[in-house]
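Let us walk through a protein model, one step at a time. Keep the structure in view as you read.

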Amino acid sequence: MATSDSSNTSGPRVSEQTFSSYNQAQGQKYVQARHDYNPLVYQAVVEHHTSTGGRPDTLLDVGCGPGLAARALAPHFAQVIGLDPSEGMLAVARSLDGASSTGEPIRWERGAAEELDEVPQLAPASVDLITAANAAHWFDMPRFWAAAARALRPGGTVALWTSGDIRAHPSMPGAAKIQAAMDRHFEVNLRPHMTAGNLLTMGGYADLPLPWTKNPGDGNDEAANAVARQFDEAKFVRRDWAADEEFFVSNSEVNLDGFEKLMATVSAQTRWNQAHPELVGTDKDVIKILRREIEEALHEAGVEKGKEKLKGSVLGVLLIVKKRGVHDQ
């Protein structure tokens with residue numbers, strides 16, 4: 001099971017239009033349904049950043065949404081800025097507050113990842129850590145890397161992570177039938193509403209363009225080469241979370257009401273809803289149909305009515321890229 005669409009994943013893409021158009025009510029539902037990341041994910045980011053010479057001064061969380069990652073990392077940095085194109089998501093982030101290690105409130109700014117260096121009062125080469133949690137697959141990556149190169153301090157860090165694919169946990173009653181129902185739902189119902197960004201998450205960011213990635217037709221693009229030279233490919237790190245590790249706070253069981261709410265936050269599902277508003281909430285709603293199939297599988301496996309629970313295995317990946325230090329240029 002995964003979230004996704006179909007175009008070339010290596011070049012510039014049409015900017016994300018689903019989450020960026022969220023209003024505050026949609027943003028609130030998103031933050032209520034989505035689990036935060038396991039503290040070990042944040043620990044891995046901070047430890048790698050500091051152990052490779054990164055400073056604990058300024059953090060810029062790009063595509064911050066309701067601010068989960070920015071708030072979790074804030075105690076490690078003197079200044080924290082959350083950046084997102086969605087005013088609805090930012091409204092939720094502001095309502096939840098958050099403060100840096102110095103007690104300074106997190107700044108929530110509206111803007112695009114490709115223009116992250118244009119945040120008000122942000123000096124060039126002043127950011128120590130740039131993060132993007134489940135967001136980089138929506139970026140125009142060449143433009144993002146160019147902006148990151150301008151904003152990052154020498155020796156700074158970029159950390160990108162995604163939750164990737166989600167599978168029905170094999171220990172769950174009726175797991176095989178449930179997985180088949182979920183696969184069918186994504187392939188038949190959601191495939192037409194998937195985007196290139198979704199495909200990148202399904203592939204565990206294997207095809208996410210990095211600063212040194214060459215696209216067909218680039219040739220001797222000096223601007224792209226200049227950006228690539230500012231980052232150290234030899235220090236690139238990829239870390240994968242296995243299915244039996246917790247990438248989120250908890251991979252514990254959820255009831256079917258919680259499952260419905262979680263499914264509603266999937267971007268392809270949101271686009272299905274927008275395409276079929278007359279079916280949302282009815283017996284023909286594809287989430288309702290999927291729920292009935294899951295209930296049937298659980299009941300056949302001996303689960304009593306009213307005690308239906310689901311458990312998933314989440315695959316996660318973290319990519320860390322370092323900007324060259326002063327002596328590495």
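A residue counts as buried when its relative accessible area is under 20%. W145 has a relative accessible area of 1%, so W145 is buried. Bear in mind that this model is predicted.

What does W145 pair with? Its partner is F231, and the pair is edge-to-face. The ring centres are 5.4 Å apart, with 70 degrees between the planes. W145 lies in helix α5 (residues 141–151), while F231 lies in the loop between α8 (222–229) and β7 (237–241). The pair therefore ties together parts that are 86 residues apart in sequence. F231 is buried as well, at 1% relative accessibility.

Now widen the view. The whole structure holds nine aromatic pairs. One of them joins F139 and F144. This pair is tilted: 5.2 Å centre to centre, 35 degrees between the planes. F139 is buried at 6%, and F144 is buried at 0%. Elsewhere, ring pairs link Y37, Y42, W161, W241 and F247 into a cluster. R239 lies over the face of W241, at 4.1 Å from the ring centre.

Next, turn to helix α6, residues 175–190. At 1.5 Å a residue, its 16 residues should span 22 Å. The end C-alpha atoms are 21 Å apart, which agrees. Which residues of α6 are buried? They are A175, I178, Q179, A181, M182, H185, F186 and L190. Seen down the axis of α6, they fall within an arc of 160 degrees, so they line one face of the helix. On the other side, A176 and V188 are exposed. The buried residues of α6 are covered by elements including β6 (166–168), α9 (256–264) and α11 (286–300).

Terms used. Residues numbered from 1 in each chain as written. Predicted model: local features only at pLDDT ≥ 70, side-chain atom pairs only at ≥ 80, totals over all residues. Heavy atoms only, no water. Helix = DSSP H or I, 4+ residues; strand = E, 2+ residues; numbered from the N terminus. Expected span 1.5 Å × (residues − 1). Buried < 20%, exposed > 50% of the residue type's maximum accessible area, 1.4 Å probe, protein only. Arc of directions from axis to C-beta. Contact = heavy atoms within 4.5 Å. Phe/Tyr/Trp six-rings, centres within 6.5 Å; stacked < 30°, edge-to-face > 60°. Lys NZ or Arg CZ within 6 Å of the ring centre and 35° of its normal.
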